[in-house]
Amino acid sequence: MRYDRTVHLDADFPTTVAAVREALAAQGFGILTEIDVTATLKAKLGHGMEDYLILGACNPPLARQALDADRTVGLLLPCNVVVRTDGDRTAVQALDPGVMVTLTGLPALQPVAEEATRRLDAALSTLQTTG
């Protein structure tokens with residue numbers, strides 16, 4: 001089962017991160033959390049790896065709808081978006097919101113997942129056309 005929605009860009013990592021932030025904001029997502037995996041693994045384990053950033057994106061109206069349907073769905077929030085160096089390109093990956101429905105089996109989450117998917121796909125599509 002695929003659980004990601006992925007695009008690759010020819011832009012460098014910092015340019016892509018900035019573009020992802022803008023694309024998500026244009027679709028109503030704010031960034032609640034940011035994890036610099038590269039820096040964390042280097043500091044904690046002395047492990048070097050490619051640029052890898054996890055952005056915890058949240059669209060408040062959609063989050064509220066999901067939480068109203070099932071309080072436990074907070075375990076799947078916020079929507080994680082990964083920006084990472086992938087060879088000579090940069091990958092942008094978002095967790096497929098449909099996973100909420102698949103994992104919970106709750107039909108009430110279907111419209112929320114569909115709207116979140118529409119918005120994430122719109123953001124990713126913008127990146128593809130400008131990257």
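How many salt bridges does a search of the whole structure find? The search finds nine, a salt bridge being a side-chain nitrogen of Lys or Arg within 4 Å of a carboxyl oxygen of Asp or Glu. The model is predicted, so local features need pLDDT of at least 70 and side-chain atom pairs count only at pLDDT 80 or more, whereas totals for chains, interfaces and linings use all residues. Residues are numbered from 1 along each chain as its sequence is written, and side-chain values use heavy atoms, with hydrogens and water left out.

The nonpolar interior is described next. A nonpolar core is a set of buried Ala, Val, Leu, Ile, Met, Phe, Trp, Tyr and Cys residues joined through side-chain atoms within 4.5 Å. Buried denotes under 20% relative accessible area, exposed over 50%, and partly exposed in between (1.4 Å probe, protein chains only). The largest such core has 20 residues, and those with the most contacts inside it are Val-20, Leu-24, Val-81, Val-92 and Leu-127. At least two residues of this core are supplied by each of strand S1 (4–9), helix H1 (13–26), strand S3 (52–58), strand S4 (79–86), strand S5 (89–95) and helix H5 (110–130). These elements are DSSP runs numbered from the N terminus (helices: H or I, at least four residues; strands: E, at least two). Helix H1 gives the largest share of the core, five residues. Another core, of nine residues, lies apart from the largest one and has Leu-62, Met-100, Ala-113 and Ala-116 among its members. When neighbours within four places in sequence are left aside, Leu-127 is in contact with Leu-9, Ala-19, Val-20, Ala-23 and Val-92, contact meaning heavy atoms within 4.5 Å.

Helix H1 has 14 residues and reaches 20 Å from its first C-alpha to its last, close to the 20 Å expected at 1.5 Å a residue. The expected span is 1.5 Å times one less than the number of residues in the helix. Phe-13, Thr-16, Val-17, Val-20, Ala-23 and Leu-24 of H1 are buried. Seen down the helix axis, the buried residues of H1 fall within an arc of 130 degrees and therefore line one face of the helix; the arc is that of the directions from the helix axis to the C-beta atoms. The exposed residues Pro-14, Glu-22 and Ala-26 are carried by the face of H1 turned away from its buried side. After H1 comes Gly-28, whose phi is positive, near 90 degrees.

Several of the salt bridges can be described individually. Arg-2 and Asp-4 form one, with the closest N and O atoms 2.6 Å apart; Arg-2 is exposed, at a relative accessible area of 62%. A salt bridge also joins the side chains of Arg-5 and Asp-96 (3.0 Å, N to O). This pair links distant parts of the chain, 91 residues apart, with Arg-5 in strand S1 and Asp-96 in the loop between S5 and helix H4 (98–104). Arg-5 is partly exposed at 23% relative accessibility, whereas Asp-96 is buried at 17%. A network of salt bridges links Arg-5, Asp-96 and Asp-121. In helix H5, Arg-119 and Glu-115 lie four residues apart, about one turn of the helix, and their side chains meet in a salt bridge (2.8 Å, N to O).

Arg-119 is also in contact with Asn-59, as are Gln-27, Gly-28 and Phe-29, neighbours of Asn-59 within four places in sequence being left aside. Asn-59 is placed in the loop between S3 and helix H3 (60–69) and is buried, at 6% relative accessibility.
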